[in-house]
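Please go through the structure below with attention to helix packing and charged side chains. The text after it takes these topics in turn.

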Amino acid sequence: MATPHKFIISLGSNLCHDEAECNLSKAELFLTELFGPDVRFSSHYSTPGIGSGEGKIYINSVAIGLTSLSSSQISCSLKSFEISQGRTPEVKSLGIVPIDLDLLSLGGVVFKPNDLNQQYVLQGLNQLIEPSSTR
């Protein structure tokens, strides 16, 4: 069996607050099924959109844990979940993000260095560093 590696995944949605909260909760259930009960999540928090999402409010969260899955296995699973929740090219072109799940790092390999240093990720990571603030 492969040695487990630490992963960091960002979660986000820019739907109305209640729908975004619901979609993040669904994503957390999906990630718990994918990675097992030891995956940890930050709280949900609001952040302003950046880049193509500028002007929109996002609800974000961060997940960390250990897995023996490969980056391609994880990425394919994340993409399939996004599509199942309505993330299509047409919706994306309108700037609507029902759910966005990004594998930021796995086993020390950083896939999205710019994202990993954004406030919308750092806010959740900072919570996960302090065990008393996780849920």
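**Helix H2 and its surroundings**

The buried residues of H2 pack against strand S1 (5–13), helix H1 (17–35), strand S4 (57–67) and strand S5 (100–106). Helices (H or I, at least four residues) and strands (E, at least two) are DSSP runs, numbered from the N terminus; contact means heavy atoms within 4.5 Å. This is a predicted model, in which local features need pLDDT of at least 70 and side-chain atom pairs count only at pLDDT 80 or more, while totals for chains, interfaces and linings use all residues. Residues are numbered from 1 along each chain as its sequence is written, and side-chain values use heavy atoms, with hydrogens and water left out.

Helix H2 covers residues 71–84, and its 14 residues should span 20 Å at 1.5 Å a residue, which agrees with the 20 Å between its end C-alpha atoms. The expected span is 1.5 Å times one less than the number of residues. Ile 74, Leu 78, Phe 81 and Glu 82 are the buried residues in H2. They lie on the same side of H2, because they cover an arc of only 100° around the axis, taken from the directions from the helix axis to the C-beta atoms. Buried means under 20% relative accessible area, exposed over 50%, and partly exposed in between (1.4 Å probe, protein chains only). On the face turned away from the buried side, H2 carries the exposed residues Cys 76 and Ser 84. Gly 86 follows H2 and has a positive phi, near 100°.

Strand S5 contains Leu 106, which is buried with a relative accessible area of 10%. Leaving aside neighbours within four places in sequence, the contacts of Leu 106 include Phe 7, Leu 69, Ile 74 and Phe 111. Leu 106 and Leu 69 are 37 residues apart in sequence and 9.5 Å apart in space, C-alpha to C-alpha.

A salt bridge is a side-chain nitrogen of Lys or Arg within 4 Å of a carboxyl oxygen of Asp or Glu, and the count comes to four. One of them joins Glu 82 to Lys 79, with the closest N and O atoms 3.2 Å apart. Since these two are three residues apart in helix H2, about one helical turn separates them. Glu 82 is buried at 2% relative accessibility, whereas Lys 79 is partly exposed at 45%.

Arg 87 and Asp 100 also form a salt bridge, at 2.8 Å from N to O. This pair links distant parts of the chain, with Arg 87 in the loop between H2 and helix H3 (89–93) and Asp 100 in strand S5. Lys 79, Glu 82, Arg 87 and Asp 100 are linked in a network of salt bridges.
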